[in-house]
Amino acid sequence: MENKEVTEPEMKGWLYKWTNYIKGYQKRWFVLSNGLLSYYRTQAEMAHTCRGTISLHGAAIHCEDSCNFIISNVSNGGTQTFHLKTPNEIERQRWITALELAKAKAIRALDSEEDGYDEEEEPDKGDIQAVISTLNAKLEDLQTCHDLIAKHASTLHRSLADLENTESTQEVTAKVKQVNERATLFRITSTAMIKACADYRDLVQTHGRKWQRMFQHEREQRSRLEQMVEQLARQHSHLEQEAKQHEVNKQLSKKDSLTGDHKIALPHQAASIQSSDDEFEDAADDFGSHFTVAVPTNHKRSGSNVSQTSEGRDKLPNESDSSNEEDNSEMIGVIAHKPSKQKRARDGEAGNGDSPPSFSAEMTHKPGKSARKRRTTIPDKPNYPLNLWSIMKNSIGKELTKIPVPVNFSEPLSMLQRLTEDFEYSYLLDRAAECDDPCEQMCYVAAFTVSAYATTSQRSGKPFNPLLGETYECDRRDDYGWRVISEQVSHHPPMVAQHCEGDAGWECYQEFTMSSKFRGKYLQVIPLGISHLHFPKTGNHFTWRKVTTTVHNIIVGRLWVDQHGDMEITNHKTGDKCNLKYVPYSYFSRDVLRKVTGCVTDPMGQVRWVLMGTWDSKMECCKVLNSNTSVKGKPVIETGPPRLLWKANPVPEDGEKIYNFSQLAIELNEPEEGVAPTDSRLRPDQRLMEEGKWDEANDEKVRLEEKQRAVRRKREAEAEAAAEEGVEYTGHQPIWFRKDHDPYTSQYVHIYTGEYWTAREKQDWSRCPDIF
């Protein structure tokens, strides 16, 4: 790769920056250069200490008033925000203009670099052959010129020799004329030779630079692959050793069972889990009919459900990043009373004898009968053999949205439609709306957040990336009791705004964006947006952030998906919280696969409910009876019997043939009249893929992406021209959402304007752009 030139700062000066540790603004020296905005305490610190840097690529710049503006970036694995203040409005506009110009340049530079890689990584054999043929033709021209120069040089040499031997003036005149003719021919031939050499040199230099970058990129990719293979080899060796130890332990266990000795030498991690479980199982025997489960009990965080950044001293209290993977919780045993056999026979295995009135024994919910007859299946998935690794090997380290993946590895749904699937089990929100107890309501909300992952265990297909301005509506008030509108509101970074309203008295909205990296053997997606749920009846307002999704076995084996991390759900009105722990998969763990555990706490930190289950099957809850119990010196929570909250719907028969879609997913892309011209149902490449025409779908996908790039380049050029002239430029603006201040997270998010369904009734789509 060519080294980037160090350029002079595009702008520098003093600004006031909000600092969290003094709850106010402090003067800082800012430098804008190469698409990065950095700040220092003083100008002298520029040589050695940078206090913070934010990348303008993918950053959002928002003006609060005449002097204050905000820069935030959510595309680098977390939310990074600068709250800045200028002395006057003129200075603010000067900085905004410079920042917008630098952002346009950064986006264009990065995209051109990646587009160049896309072209260079997989050169077409026909193009290479054409270049070689052209070079051969140029060489033949050079050889011809060389032969002509040699011929004319020999003739000119003879003419000059004859001229020297001529004595007669008349003959000299004739010989001079002949020499001039020979010299003219030599000059013409030499000029042709020089031109042919220049053409050959230019051609070689042009393709040489291109191939040099390509070879450098291949060298870097090879280095990454070698490191990855070496790491896989070490892991394989470690797994073999662990497997041998596991086999030895099994043999010891069988031997000890015969002799009455039950001590098992397991690996350290498994041993700790085993010993902990054994202690609680012994305690369960002491109490009678009980069973045990461990739940995370991290109740020390306060305020918003989003964590503070590592640079908390220079951030606002509610700023956040995606570091929700950090495990700050402790594991506490739970002894839950099992109902008696007579009670189970009377109430059924789900049991609802001691449950609150709002808990129903019938938890497998079916939506109401729709007035419209909807389709029950989609065309079968074609069997197109394709090597995923051959495509993904050149994308190690890239963002997921930057990887050019053909439709062969996608599913015929857009991300807008995929997010709509979160409301498949909306009956949980309907029941939550009926609850008067906020802690009980929290149980239903927690089960709803878990149910959004129910179908992901069997679906590894990548949804289509929405185009900028693409929308999706889904009106299911006749059967599910809700309607939703979603829009792709940003391209850098990719961001979806969604709003859903339920007839039962709830409102749910979110701004979904993510950070994603492909690491060779796995692909990791870290959601960064925050989901909101509001109940107008009680005024309870809940927020949470989704957990990390990892797709494994990219290199070899069957693709499989795992959800892991910690989720904190906060009721901003009452202060109640729910901490859910999605347990990551472990080869040697004896835990239930896809396990989710958690607890609901009141504002005082007291555990009121305990939750347990799996994110692909069901969730149960237990009401806490006694939280002051201890067993063998360890704290234990005693609860009532478990009650079923949610159970996943079965997948349709022959699910693999239809991308393992649920019934709701099958219906999402069904053609519908009267939708906006930007609706995902009208996207041609997605429709062709659903119909099984994958080759045509790939061609159409390339056309749509190139059309979007052309629009983006035009918009960036206009923004750059406006910035150079000092004129404020209004770029792409969402149609059905507007950016506004969120009082719960103290950030600017996209809020629904409330105009879409009115426009649909009037069929007024005059504001919709032509994106397809």
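# A first look at this predicted model

Welcome: the protein chain in this predicted model has a mean pLDDT of 77, with 76% of its residues reaching 70 or more. Its 772 residues, 49% of them buried, include 13 helices and 29 strands. The points below begin with the whole chain and then visit a few places in it.

**Confidence along the chain**

- Of the elements in the protein chain, strand 18 (residues 531-535) has the highest mean pLDDT, at 96, while helix 4 (residues 268-287) has the lowest, at 38.
- Residues 257-294 have pLDDT below 50, and the model gives this stretch 54 contacts beyond near neighbours in sequence.
- Another stretch, residues 296-326, also stays under 50 in pLDDT, and the model has 109 contacts for it beyond four places in sequence.
- Where pLDDT is low, predicted coordinates should not be read in detail.

**The chain as a whole**

- Taking contacts between residues at least 6 apart in sequence, 62% join residues that are at least 24 apart.
- The protein chain exposes about 38,500 Å², and carbon and sulfur atoms supply 51% of this area.

**A nonpolar patch on the surface**

- Four residues, Leu239, Tyr585, Tyr587 and Leu593, form a nonpolar patch on the surface.
- Together they have about 430 Å² of accessible area.
- Leu239 belongs to helix 3, which covers residues 169-259.
- The relative accessibility of Leu239 is 40%, so this residue counts as partly exposed.

**Arg683, a buried residue in a loop**

- You can find Arg683 in the loop that runs between helix 10 (663-668) and helix 11 (684-690).
- Arg683 counts as buried because its relative accessibility is 2%, and the cut-off for buried is under 20%.
- Its side chain makes a polar contact with the side chain of Glu470, at 3.2 Å.
- Leaving aside residues up to four places away in sequence, Arg683 touches Phe464, Asn465, Pro466, Leu467, Glu470, Leu704 and Phe772.

- Tyr453 sits in the loop between helix 9 (438-451) and strand 11 (462-464).
- With a relative accessible area of 7%, Tyr453 is buried.
- Beyond residues up to four places away in sequence, Tyr453 touches Lys546, Val547, Gln563, Met567, Tyr582 and Trp615.
- Tyr453 and Thr549 are 96 residues apart in sequence, and their C-alpha atoms are 9.7 Å apart in space.

- Most residues other than glycine have a negative phi.
- Asn34, although not a glycine, has a positive phi of about 55 degrees.
- Asn34 is placed in the loop between strand 2 (24-33) and strand 3 (36-40).
- The relative accessible area of Asn34 is 48%, so Asn34 is partly exposed.
- Tyr659 is not a glycine either, and its phi is positive at about 65 degrees.
- The loop between strand 27 (643-647) and helix 10 holds Tyr659.
- Tyr659 has 7% relative accessibility and therefore counts as buried.

Notes
Residues numbered from 1 in each chain as written. Predicted model: local features only at pLDDT ≥ 70, side-chain atom pairs only at ≥ 80, totals over all residues. Heavy atoms only, no water. Patch = residues over 30% accessible without salt bridge, like charges linked within 9 Å, V, L, I, M, F, W, Y side chains within 5 Å. Areas by Shrake-Rupley, 256 points an atom, 1.4 Å probe, with all protein chains shown as cover. Salt bridge = Lys/Arg side-chain N within 4 Å of Asp/Glu carboxyl O. Helix = DSSP H or I, 4+ residues; strand = E, 2+ residues; numbered from the N terminus. Buried < 20%, exposed > 50% of the residue type's maximum accessible area, 1.4 Å probe, protein only. pLDDT = per-residue confidence, 0-100. Contact = heavy atoms within 4.5 Å. Polar contact = N/O pair within 3.5 Å; in protein donor to acceptor, adjacent residues only side chain to side chain.
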